[in-house]
Amino acid sequence: MQAPTRPIVDIRGLTKTYDNGPTALEPLDLRIDKGEILALLGPNGAGKTTLISMLCGLVSPSGGTATVSGHDIIADYRAARHLIGLVPQEISLEPFTRVWDSVSFTRGLFGLKRDDAKLDEILRRLSLWDKRRARINELSGGMKRRVLIAKALAHDPKVLFLDEPTAGVDVELRRDMWEIVADLKKSGVTIILTTHYIEEAEAIADRIGVINKGRLLLVEEKHALISRMGRKELRIALRAPCAAVPETLAEYDLERSADGMTLTYHYDTRRESTGITRLLQDIASAGLLLADLETRQSSLEEIFVDLVRDGQKEDAA
């Protein structure tokens, strides 16, 4: 039997409470495998940036442990930090420094020898080669984001943290970022990103983690999460409008469209029986004629909203 692989990031009971302040992160357990993309979803103030800051050595944990490729983030800080690349949420770059010099300087901070070929590769991958001699203050916001990623990759990290990487970036550039992340994954880089763009997590992540009020609500493979928690709806198009839902169909809690041409039925795929067969029979018995049927599964955004809402209800209770 093959021995289980060790996660590249292993977090056990990590927590953060500020002096005379609230608990920013409750004890958290999380294992992240090499080469995966994990998206951490949560509203502002949920604890996402706190978690990343602790793993990157910017904030001291109040308790628990975490290792990066077996190196403890406290006891073996230098080795752990050398394996990590961080793209912060805020754009903080020296405005009059040239792109090449900025990226090269970051590589030097990790004590690595000059490697022009490596920097060439990074800048070309991020479509920054033509801007290598430009000063930072001459770049657009999207290009500055790319420079931050280039700096984070300059020392060839094994784990890349992206804290709201597409904040303030237009839709076209956001999709470019997704392609960059996909390419990094192919090269074996493990990526942990925080985002409040649901579509971002749905587009590129392998697993989804949901954090709210410092509590990790769940971590699950993306497609399994949508399948397990997603509801489906059946939209029933009628040949003729109905003025109201017949009383004989009241048990199905159907939603009637404003023009009376569509009825919508919500059901859970996890149940042994969806009730659709009986519903269609009862619709026919009620004298309604069907024109078309369409099913739709709830999106990750709807699942996320439901999770956060349920967590708020538990806190209130």
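In this predicted model, helix α5 passes helix α6 in a right-handed crossing, where right-handed means that the near helix is turned clockwise from the far one by less than a right angle, and left-handed means anticlockwise. The protein chain holds ten helices and 14 strands in total; these are DSSP runs numbered from the N terminus, with helices being H or I of at least four residues and strands E of at least two. As the model is predicted, local features need pLDDT of at least 70 and side-chain atom pairs count only at pLDDT 80 or more, while totals for chains, interfaces and linings use all residues. Residues are numbered from 1 along each chain as its sequence is written, and side-chain values use heavy atoms, leaving out hydrogens and water.

**Overall dimensions**

- The radius of gyration of the protein chain is 25 Å, whereas a compact globule of 317 residues would be near 20 Å; the radius is taken over C-alpha atoms, and the globule rule is 2.2 Å times the number of residues to the power 0.38.
- Along the principal axes, the C-alpha atoms of the protein chain fill a box of roughly 80 × 50 × 45 Å.

**Helix pair α5 and α6**

- Two packed helices are described by the angle between their axes and the distance between the axes.
- For α5 (residues 141–153) and α6 (residues 171–186), the axes cross at roughly 15° and come within 11 Å; axes are lines fitted to C-alpha atoms, for helices over the stretch in contact, and angles run from 0 to 180 degrees between N-to-C directions.
- The two helices α5 and α6 are therefore roughly parallel to each other; the classes are under 35 degrees for roughly parallel, over 145 for roughly antiparallel, 65 to 115 for roughly perpendicular, and oblique for the rest.
- From α5, the residues Gly142, Arg145, Arg146, Ile149 and Leu153 meet Leu173, Asp176, Met177, Ile180 and Leu184 of α6, with contact meaning heavy atoms within 4.5 Å.
- Sorted by type, the residues of this α5 and α6 contact are six nonpolar, one polar and three charged; nonpolar covers Ala, Val, Leu, Ile, Met, Phe, Trp, Tyr, Cys and Pro, charged covers Asp, Glu, Lys and Arg, and the others, Gly among them, are polar.

**Helix pair α3 and α4**

- Here α3 (residues 99–109) packs with α4 (residues 116–125) at an angle of about 120°, and their axes are 11 Å apart.
- That angle makes α3 oblique to α4.
- The crossing of α3 and α4 is right-handed.
- On the α3 side the contact involves Val99, Trp100, Val103, Ser104 and Arg107, and on the α4 side Asp116, Lys118, Leu119, Asp120 and Leu123.
- Five nonpolar, one polar and four charged residues make up the contact of α3 with α4.

**The six-stranded sheet**

- An open sheet with mixed pairing is formed by six strands in the order β6-β7-β8-β3-β9-β10; two strands pair if DSSP finds at least two bridges between them.
- β6 (84–87) and β10 (215–221) are at the edges with a single partner strand each, so one side of each has no neighbour in the sheet.
- From one strand to the next, the twist averages 15°.
- Strands β3 (residues 37–41) and β9 (residues 207–212) run parallel and are joined by four bridges, and Ala39 stands opposite Ile208 in β9.
- Helix α1 (residues 48–55) packs on this sheet and touches β3, β6, β7 (159–163), β8 (190–195) and β9, with its direction at about 145° to that of β7.
- Helix α5 lies across β6 and β7 and runs at about 165° to β6.

**The four-stranded sheet**

- Four strands in the order β2-β1-β4-β5 form an open sheet with antiparallel pairing.
- Its edge strands are β2 and β5, each pairing on one side only.
- Helix α1 also packs on this sheet, touching β1, β2 and β4, and its direction makes about 115° with that of β1.
- Strands β1 (residues 9–17) and β2 (residues 23–32) run antiparallel and share six bridges; Leu14 has Leu28 as its bridge partner in β2, and Lys16 has Leu25.
- The hairpin of β1 and β2 has five residues between the strands, and Asn20 there takes a positive phi near 55°.
- Five bridges pair β1 with β4 (residues 63–68) in the antiparallel sense, and Arg12 stands opposite Thr65 in β4.
- Two bridges pair β4 with β5 (residues 71–72), also antiparallel, and Thr67 has Asp72 as its bridge partner in β5.
- In the hairpin of β4 and β5, with two residues between the strands, Ser69 takes a positive phi near 50°.
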